[in-house]
Amino acid sequence: MRETRSMPVPDGLDGMRVDAGLSRLLGLSRTAVAALAEDGSVQLDGIAAGKSDRLNAGSWLEVEFPEPKRELTVEATPVDGMKILYADDDVVAVDKPVGVAAHTGVGWSGPTVVGGLAAMGYRISTSGAHERQGIVHRLDVGTSGVMVVAQSENAYSVLKRAFKARTVDKRYHALVQGHPDPSSGTIDAPIGRARGNDWKFAVTADGRPSVTHYDTVEAFQSASLLDIHLETGRTHQIRVHFSAVRHPCCGDLTYGADPRLAERLGLQRQWLHARQLGFNHPADGRWIEITSEYPADLEHALDVLRST
């Protein structure tokens with residue numbers, strides 16, 4: 001229930017601006033008072049007041065405060081293999097294993113990053129929907145690697161803006177079939193939902209702009225290991241783009257990978273790993289880079305290729 005405070009305007013605030021006067025009266029910052037005024041939560045004699053309006057001594061003041069944030073709980077469920085790569089009061093970065101979702105959702109009842117962090121004793125930001133606490137970006141269930149989660153409200157807001165503004169450096173490693181030509185380049189092709197399939201995506205004329213930059217790190221007889229920098233962050237972007245240029249991620253049967261090569265490499269999923277995240281720390285702006293090592297199944301696939 002929202003709290004409302006009512007009182008006459010004290011003589012000492014006569015003639016002052018609403019934001020300055022109420023800041024002194026209520027012990028809030030001028031920015032906080034301005035936000036209340038913009039929401040229509042400050043009234044003088046029954047009329048909504050703007051932040052720059054003047055206070056008159058004796059006028060009847062009513063201020064309605066927003067509901068306090070509720071402490072939401074998430075079911076704490078340990079996640080096998082999930083490790084902490086970095087943590088402080090604002091952010092926590094995890095090494096997400098394959099088979100783990102960022103958060104619960106329709107059709108998913110398996111392990112989640114949010115539940116795993118709760119089991120480790122981390123309190124994450126309560127912003128956003130209950131099941132998405134602290135989630136500022138996501139990795140597919142079938143993709144492993146580094147993922148950052150907000151622990152504080154400020155970190156949630158700052159990191160959400162950073163991902164939207166594309167100031168976060170997102171680097172993936174992917175093992176793709178064949179040898180892309182050129183060996184370093186950019187795929188600029190819009191992505192939308194595949195026709196007749198709600199969970200699969202494709203390059204479509206009316207899709208959302210999507211840009212993927214890549215460099216070849218190591219070339220094998222039948223595949224290439226790529227370092228990939230995402231300029232945009234569409235669902236399945238890397239998988240869709242490299243499938244579209246006929247170099248699907250090894251093991252990615254959904255997007256056209258060769259099942260015989262996948263079997264030879266021992267892959268049960270696409271060879272795709274969120275290798276590194278770089279971002280300005282939400283509290284002090286310092287640049288942070290967090291790296292995730294390859295998990296055993298991806299390392300094994302490389303070992304097979306290097307031995308043949």
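Visitor: Which elements do the buried residues of α7 pack against?
Guide: In this predicted model, helix α7 spans residues 296-306, and Leu 298, Ala 301, Leu 302, Val 304 and Leu 305 are its buried residues. Because they cover an arc of only 155° around the axis, they are placed on the same side of α7. The elements that these buried residues pack against are β7 (144-150), β8 (169-177), β13 (223-230), α6 (259-265) and β14 (272-280).

Visitor: Is Asp 169 buried or exposed, and what is its relative accessible area?
Guide: Asp 169 lies in strand β8. Since buried means under 20% relative accessible area, Asp 169 counts as buried, with a value of 15%.

Visitor: Which side chain does a polar contact of 3.3 Å join to that of Asp 169?
Guide: A polar contact of 3.2 Å links the side chains of Asp 169 and Arg 171. Leaving aside residues up to four places away in sequence, Asp 169 touches Gln 276, Leu 277, Gly 278 and Trp 287, among others. The side chain that the polar contact of 3.3 Å joins to Asp 169 is that of His 229.

Visitor: How many residues does the largest nonpolar core have?
Guide: In soluble globular proteins, nonpolar side chains tend to be buried together. Here, the residues with the most contacts inside the largest nonpolar core include Val 113, Ile 228 and Phe 242, and this core draws at least three residues from each of domain 2 (69-165) and domain 3 (166-307). A second, separate core, which includes Leu 22 and Phe 65, has 18 residues, whereas the largest nonpolar core has 44 residues.

Technical notes. Residues are numbered from 1 along each chain as its sequence is written. This is a predicted model: local features need pLDDT of at least 70, side-chain atom pairs count only at pLDDT 80 or more; totals for chains, interfaces and linings use all residues. Side-chain values use heavy atoms; hydrogens and water are left out. Buried means under 20% relative accessible area, exposed over 50%, partly exposed in between (1.4 Å probe, protein chains only). Helices (H or I, at least four residues) and strands (E, at least two) are DSSP runs, numbered from the N terminus. The arc is that of the directions from the helix axis to the C-beta atoms. Contact means heavy atoms within 4.5 Å. A polar contact is a pair of N or O atoms within 3.5 Å; within protein, one must be able to donate a hydrogen and the other to accept it, and residues adjacent in sequence count only if both atoms are side-chain atoms. A nonpolar core is a set of buried Ala, Val, Leu, Ile, Met, Phe, Trp, Tyr and Cys residues joined through side-chain atoms within 4.5 Å. Domain bounds come from an automatic or database domain assignment.
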